[in-house]
Amino acid sequence: MYRSTFLCCTFIFIFFIHSNQGVEIPEKFQKSNHTNNWAVLVDTSRFWFNYRHVANVLSIYRSVKRLGIPDSQIILMISDDMACNPRNPRPATIFNNAHEQINVYGDDVEVDYRGYEVSVENFIRLLTGRVPPDTPRSKRLLTDEGSNILIYLTGHGGDGFLKFQDSEEVTSQELADALEQMWQKKRYNEIFFIIDTCQASSMYEKFYSPNILATASSLVGEDSLSHHVDSAIGVYIIDRYTYYVLEFLENVHPTSKRTMSEFLAVCPKSACLSTVGVRRDLFKRDPDKVPITDFFGSVRPVIITTEPINIIDIPKRKKTNTNKSATPEKHEYMPQFPMHLLQTTK
Amino acid sequence: MSIYRLFWIIFISAYSVVRSDDFKEEMYIKPLPPSHLYTYFQFITIVNHKSTEHSHLSPRSLGEVISRFKVDELHLTLTEGQWRHHQWGYPVLDAAPGAELYAWFATDVDDIDTQWRKLTSTLSGLFCASLNFIDNFNTVIPQMALWPTGAVKPIQNITSQLRYASLPREIVCTENLTPWKKLLPCESSRGFSALLNSRMIHNTKYHSIGVHVRKICANKDCTDTHLEIKQTVALVYDYKIINSMDWSFRKLFGQGLPGACTLSSASTIYVDVTTNSSHSFKLTPSPHRILQSQRGASETEFAVYDIHNNGEMINIGAKYDSKYSNNMTVIIPPPIYFNRYVLGYGKEFGGIVTELVNNYMTAIDVVLLENAPWWLPIQLSSLRVNGEANNKLVIAQYFSPGRNRQKPYHLELLIKLPPRSTTTVTIDFEFVFLKWQEYPPDANHGFYIGSALITANLPTAKQYSSLPISGSTFDSIINASKPWYPAVFRTNGAMVSLPTPDFSMPYNVICLACTVVALAFGPLHNICTKELILKPVGTPVSLTQKLMNLLKRKKD
């Protein structure tokens, strides 16, 4: 405790010396309202043959986590258990590749919504913040007007809808309305929306809220295709679009200067076999100048002060009134069996 | 430098005076001949109860949950696989397949049901499990089967503070282990928890993680209590999966043990070497000491390792004597074991049968708790014990009928199992149609019924490895002879297939009906609205005539 206070003091002292020399705040920091980053990553399909969708969503999860968004600000929704599925010959792993290059599941994963919890209702409630009062913090999207949100959806879709769990679907209009509600409630600063499904671009066509950059793995009328089969598990292991996205993101580091336009061109038609759709008209900034870490990384809240802060003077906690005068009550271990019932019968 | 060191020494000594918490890690390894190996970890944090929030060892997130919801005792387990009592004997702590949660609330909690719902949804966030699916419709209040294991104030009605629920469908994977490990003071970097590599421990026949919170006596008179937080992991390895009978930490966990957790006051490994007489094996490195334990009439021998934090990599292993590797093993079943299955065919009626086998020479009293979901109504009138409706073996019974979408069916029986006998408890159920939206997305997979609880008062400690109630560390089982050995077991779960509609039927009907309507309506509409006029067939008209006709029409 004393040691940490000492360290803090030295740190502030050093900072103070520096600030005397004058700190120039770069112009772009002053203009941007962006203060924090969140990610909502959703896999909507159940059943073993949809293994690839879980691999898709975990690829993005791995990348955003590696680039600095903490687990508490990632909402991961996975509809079915693939890692510990009895059909998986390599328990507790999900690979992006039949050669087992990257275990996208990893050793440190926190799934916030899983199994039957992944439903249209829960997804819309999460986005709009209208969750039941007892919902734990890890299942809430606690964003504000400074939040940049990355939304990634994968599953089976069609023209204007995305299926959830093979039993219900969210339409593009519902999604657009949910995003508008978020905008009106000041729940975001900017959104980057990615969707990897068939006829994916139909999902963002109805959007009408500002500050949304959207990209989709295929245009209306096109199918999004999967990458390759892993013969050990017998099903397709990942989708083409996300496979190339992961390949690209693996080479991005928190300090790298890649821009969003590079990300938008990540999967040409020759690789994806479908046309990647992009919608820029709602987004005010030029994707050429937006660093990729605006959505995939994390901004730590930084407060720049020129005044030294005196933290030695800690306000004392109020002592809670504990009833120490109460007479100690006797406790006891109970018999682990209804002995009283036995004794009466004897 | 020396001043700094002096300061540091003062700081540490002051710190150790203040600290009232204690952390211990223990591991218990028991071969289950002929083909399995049981590994059990327990991480015990004992907190001075007055200051859960100022504890430096207990997980703050869990401590807040316990103080906020006024929980006196809590047991949560997440399990994959089924413990085979018949083959493997008894585990230290049994757990139901899937998720199981039960808790006693403090006596000053007014609305326990609301508090229980809040607790479950909070824990669901803490352990990444779907515990928020626990609601009134799948919660029971056991009357005889469960008793608090902690020290409680002697009050009249402790069962009214209890809530029990299980989710047999819950899957258990790394996402549950990750937050579980984060509750430990050393997390997964040091100590025994470094062995819990998710790829290895999920490649087992049975794995179960648990958190057990209770109050233990702080002094001899038990006028004060401490909070005990026990985190457990139970694993059963199959020799076929690790490819040999010889085991070592490297084979089981993928790596050696990197020393003890710095914060633990004791790190001990116990290897049960009782089976060494029949299946001879040699432990490497050799144990630090051997402990003999006489508990009731059963004798157990433990090889004990005290692990220190000296940066040494420890790889404990056993090598079986090849002479004995082909020995046939006779499995001696434990005093009681059980089996449970579903009866019936068709989609109208069925039944659940629980067979309880008493293998011991005296009668054993057990409590059987059956917990049937609301969509599987069981009727007390159909209860038969050994085929008789009013069997004298039943000493006491409790039945609480369920209500659709609100309350499960709950039956408890206190039965005296006669010596060397099999007792069959049968109860019939009928299938219920669910509403359209109540079917899960994979309704054709089937519906799980939770395990039944069996609480037994064992007269013998044969194959019994649970700790005595007053003990918290593993050494408390040494020579812990008691008149009774209480244990709570879980039977296997079961699965039924409810009458499930063809979900594509409405779509098919709509398509078919539309086609039929279109085919019928089109011609009918044509006939009703259009007039058929015969076109006069005449001589071909000349071009001038055509022009004249056109002009005439315009004039009209």
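**Close-ups of a two-chain model**

View 1. Strand E13 (residues 332-333) of chain A and E6(B) run antiparallel and are joined by two bridges; strands pair if DSSP finds at least two bridges between them. Here A:Tyr333 has B:Ala151 of E6(B) as its bridge partner. Helices (H or I, at least four residues) and strands (E, at least two) are DSSP runs, numbered from the N terminus. This is a predicted model, where local features need pLDDT of at least 70, side-chain atom pairs count only at pLDDT 80 or more, and totals for chains, interfaces and linings use all residues. Residues are numbered from 1 along each chain as its sequence is written, with chains lettered from A and ligands numbered from 1 in the order in which they are written.

**View 2. Chain B's side of the contact.** Chain B brings 48 residues and chain A 42 residues to the contact (C-beta atoms, placed from the backbone, within 7 Å). On the chain B side, H4(B) gives the most, with seven residues.

**View 3. Inside the largest nonpolar core.** This core has 209 residues, and A:Val40, A:Leu41 and B:Val366 have the most contacts inside it. Such a core is a set of buried Ala, Val, Leu, Ile, Met, Phe, Trp, Tyr and Cys residues joined through C-beta atoms within 7 Å; buried means that 20 or more other C-beta atoms lie within 10 Å of the residue's own, with C-beta atoms placed from the backbone. Beyond neighbours within four places in sequence, A:Val40 is in contact with A:Ile75, A:Leu126, A:Leu141, A:Ile149 and A:Ile151.

**View 4. An enclosed strand in chain B.** Strand E25 (residues 485-490) of chain B is largely enclosed by the rest of the structure because five of its six residues are buried. Six bridges join E25(B) to E24(B), and the two run antiparallel.

Note on methods. Two residues are in contact if their C-beta atoms, placed from the backbone, lie within 7 Å. A residue is buried if 20 or more other C-beta atoms lie within 10 Å of its own, exposed if 12 or fewer, and partly exposed in between; C-beta atoms are placed from the backbone.
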